[in-house]
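The notes follow the order of my look-ups.

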Amino acid sequence: SPGDYKDIIVGEKASLVLQGGVYNIRSLHVKERASVTFRGLAELRIQKDFKTGHNATVGSATGVNLSASDIMFYVAGGETGHGASHDKDDDALVAVSIGENSTVVGHFYAPYGRIRLKEGAGVYGILLGRQVVVGQEAKVTLDTRSNQQLVASAPDIMPHGGSFWDSAQVEMLSITSGASIYYTLDGSTP
């Protein structure tokens with residue numbers, strides 16, 4: 001069910017079925033020939049990285065009509081030290097890695113990191129990253145159909161909290177294109 005999770009590993013040939021909702025996850029790794037399916041509109045906020053092994057599938061559950069825009073992946077990992085993993089193909093930090101011959105349906109936003117599609121991978125959706133690397137025979141099919149109203153993701157606020165004795169500079173960023181950030185200093189609704 002929706003909620004907060006640490007590292008999720010979907011083992012080889014295993015299946016993970018997610019209901020609709022918001023999932024806060026430290027990392028999500030889908031091993032070879034494993035699958036992740038969704039039964040409703042879902043937003044995955046991943047702190048470190050999202051990786052699939054070869055021949056993995058990620059998308060709508062059988063009998064559920066979800067488009068790529070109904071399955072949103074916000075991956076914070078990347079070159080700013082948010083915790084992305086090192087890809088074994090080179091030393092670059094990779095926030096999203098889609099394995100060989102894997103098929104993934106969803107929109108991926110990794111503004112701080114690299115998105116890598118390995119040989120023969122197929123993605124139906126949108127890929128937005130600091131850098132997108134597409135391997136040989138890999139295919140990206142733009143899918144912007146939507147069954148939902150566009151809602152901005154929660155802003156990334158830095159620093160992430162704490163006590164400050166002197167003044168502190170606070171930065172608020174949204175990875176949602178065109179989003180506006182409203183805030184108050186007294187806890188009331190902006």
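**Aromatic pairs and core**

I counted the aromatic pairs in this predicted model and found six.

I then located the partners in the chain: Phe-38 belongs to strand β4 and Phe-73 to strand β8, and 35 residues separate them. I checked accessibility for each residue. Phe-38 has 0% relative accessibility and therefore counts as buried; Phe-73 is likewise buried, its relative accessible area being 0%.

I next examined Phe-50 and Phe-108. This aromatic pair is tilted, with 5.4 Å from centre to centre and 50° between the planes. Phe-50 sits in strand β6 (residues 50–52) and Phe-108 in strand β12, 58 residues apart, and the pair thus links distant parts of the chain. Phe-50 is buried at 0% relative accessibility, and Phe-108 is buried at 1%.

I asked which residues the ring pairs link into a cluster. They are Phe-38, Phe-50, Phe-73 and Phe-108.

I turned to the largest nonpolar core, which has 32 residues; Phe-38, Leu-44, Phe-50 and Phe-73 touch the most other members. Strands that each supply at least two residues of this core include β1 (3–10), β3 (21–30), β4 (35–38), β8 (71–75) and β12 (107–117).

Finally, I listed contacts of Leu-44, leaving aside neighbours within four places in sequence. Among them are Leu-18, Tyr-23, Ile-25, Phe-38 and Phe-73.

Terms used
Residues are numbered from 1 along each chain as its sequence is written. This is a predicted model: local features need pLDDT of at least 70, side-chain atom pairs count only at pLDDT 80 or more; totals for chains, interfaces and linings use all residues. Side-chain values use heavy atoms; hydrogens and water are left out. A nonpolar core is a set of buried Ala, Val, Leu, Ile, Met, Phe, Trp, Tyr and Cys residues joined through side-chain atoms within 4.5 Å. Buried means under 20% relative accessible area, exposed over 50%, partly exposed in between (1.4 Å probe, protein chains only). Helices (H or I, at least four residues) and strands (E, at least two) are DSSP runs, numbered from the N terminus. Contact means heavy atoms within 4.5 Å. Rings of Phe, Tyr and Trp (its six-membered ring) pair if their centres lie within 6.5 Å; planes under 30 degrees apart count as stacked, over 60 as edge-to-face and the rest as tilted.
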